[in-house]
Amino acid sequence: MDHGPKRPTRRGRGAGVDPPNRFERTHTELDLDATADDVEYLESLANPATEYLPDRSRSVVSENDSPDVGFRFSINPYRGCVHGCSYCYARPSHEYLGYSAGLDFETKILVKHEAPELFREFLARPSWVPELIALSGVTDPYQPAERHFELTRGCLLVALECRQPISLITKNALIRRDLELLREMASLDLIHVNISLTTLDAALSRDMEPRASLPSSRLKAMAELSAAGIPVRVMTAPIVPGLNDQEIPALLRAARDAGARQAGMTILRLPSTVEPVFVDWLERMRPDRAEKVLGRLRRIHSGRLNTNRFGKRMTGTGELSEQIVGMFKLFRSREGLDGPLPPYDFSRFRAPLPTRGQLRLF
């Protein structure tokens, strides 16, 4: 049966669909019948360009009150992420900007050019009592944009100057560029680095996280950071039941061999418009696994593909969830990845002098 022209496969992108924006009244659909003979246009659909757009926000530190997240404050130099991970929980955040959680999230990257200066101003507030700040809580601070803009590095330099403790999470080996800076922060107990490692299968990683660093590169980064004395935690997240859950023992062993000191995990959740993006990806890229994966996710999330309840969002409930979490805990213990990382030292904090506005008297 002829179902009409097929949507071109987007090379190097995780999203194959653009779900309607929840906050917009209108939604545009491609009319592929009208453009079936326009080769140039179809090529542009298959290979969409990345745009870097200025974000003129006057604040860079966000606050959250979720009990499921181990920090209250986070700093995000970028919004949107070129990595294009099909499962990324941050996709719906782009809808607040008037964009889609699909392709727009991967191709329209908002850049906070003043992030280091805004961070400095935040730390200079008289009301700031130092506590942990995560970098970043939404999108990857070492995504490819960082190679050019160096905003993450700028924020880390501010943190080092002020002796502000930072928890950093990434899946990009570009973090190796800042090895010496992170080494100095580690010597002052100011940094923990979290490396996300979802699979050791390069082909699966390339499909599921198309523009992120390959697993071998992440492990190399982990090894170099660990050898430099920087505390590293591996995050086997997300675990996708029926797709990468069987890799948990191997992931933890590889991370231990690379010098990680601790491990964490979450099970896949598909909030809001993440669901259509991931389901479409799964049915296109792993059609032989789709029924199995979606069936297991529903078992974990009480018949749905997502759990909204605090305390259960990251792991779900039920027997299958308990089996996955139990296996993770067992092998985490076997590999010696269940101990604490060195504590942060908040006593070293020193507020910066403001670079604009009224200077402090004392």
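User: Hello! How many aromatic pairs does a search of the whole structure find?

Analyst: The search finds six aromatic pairs across the whole structure. Please keep in mind that this is a predicted model.

User: What makes Y344 and F346 an aromatic pair, and which kind of pair is it?

Analyst: Their ring centres are 6.1 Å apart, and the cut-off for pairing is 6.5 Å, so the two rings count as a pair. For the kind, look at the planes: the angle between them is 55°. Stacked needs under 30 degrees and edge-to-face needs over 60, so the Y344 and F346 pair is called tilted.

User: Are these two residues buried or exposed, and how do you know?

Analyst: Y344 has a relative accessible area of 19%; buried means under 20%, so Y344 is buried. F346 comes out at 32%, between the 20% and 50% limits, so F346 is partly exposed.

User: Where does F346 sit, and what does it touch?

Analyst: F346 belongs to the segment after α12. Leaving out neighbours within four places in sequence, its contacts are P130, E131, L132 and P165. Elsewhere, ring pairs join F73, F122 and W128 into a cluster.

User: How do you know that R22 and E95 form a salt bridge?

Analyst: Their closest N and O atoms are 2.7 Å apart. The limit is 4 Å, so R22 and E95 qualify as a salt bridge. The pair links distant parts of the chain: R22 is in the segment before α1 (39–46), E95 is in the loop between β4 (78–79) and α2 (103–107), and they are 73 residues apart. By this rule the count comes to 23 salt bridges.

User: What makes the charged end of R22 sit over the ring of Y96?

Analyst: The charged end of R22 is 5.8 Å from the centre of the Y96 ring. The distance limit is 6 Å, and there is also an angle limit of 35 degrees from the ring normal. R22 is listed as sitting over that ring. R334 sits over the ring of F331 in this way too, 5.0 Å from its centre.

User: Why is R253 with E335 called a salt bridge?

Analyst: The closest N and O atoms are 3.7 Å apart, and the limit is 4 Å, so this pair passes. R253 lies in helix α9 (residues 248–257) and E335 in the segment after α12 (319–334), 82 residues apart. R253, at 37% relative accessibility, counts as partly exposed, whereas E335, at 10%, is buried. Salt bridges with shared partners also connect E146, R153, R177 and D178 in one network.

User: What about K108 and D104: what makes them a salt bridge?

Analyst: Their closest N and O atoms are 3.5 Å apart, within the 4 Å limit, so they form a salt bridge. Both residues are buried.

User: How do you know that both faces of strand β5 are covered?

Analyst: In β5 (residues 108–111), K108 and L110 are on one side, I109 and V111 are on the other, and all of them are buried. In a regular strand, side chains alternate between the two faces of the sheet.

User: What makes β1 and β4 partners of β5?

Analyst: Pairing takes at least two bridges. Strand β1 (residues 51–54) has four bridges to β5 and runs parallel to it, while β4 has two bridges to β5 in the antiparallel sense. V111 is the bridge partner of P54 and also of Y78.

User: Which residues have the most contacts inside the largest nonpolar core?

Analyst: They are F119 and I166, in a core of 62 residues. Helix α5 (residues 151–162) gives the largest share, six residues. Beyond four places in sequence, F119 touches residues including V60, I75, C155 and I166. Apart from this core lies another, of 22 residues, among them C81, V279, L282 and A290.

How values were computed: Residues are numbered from 1 along each chain as its sequence is written. This is a predicted model: local features need pLDDT of at least 70, side-chain atom pairs count only at pLDDT 80 or more; totals for chains, interfaces and linings use all residues. Side-chain values use heavy atoms; hydrogens and water are left out. A salt bridge is a side-chain nitrogen of Lys or Arg within 4 Å of a carboxyl oxygen of Asp or Glu. Buried means under 20% relative accessible area, exposed over 50%, partly exposed in between (1.4 Å probe, protein chains only). Contact means heavy atoms within 4.5 Å. A nonpolar core is a set of buried Ala, Val, Leu, Ile, Met, Phe, Trp, Tyr and Cys residues joined through side-chain atoms within 4.5 Å.
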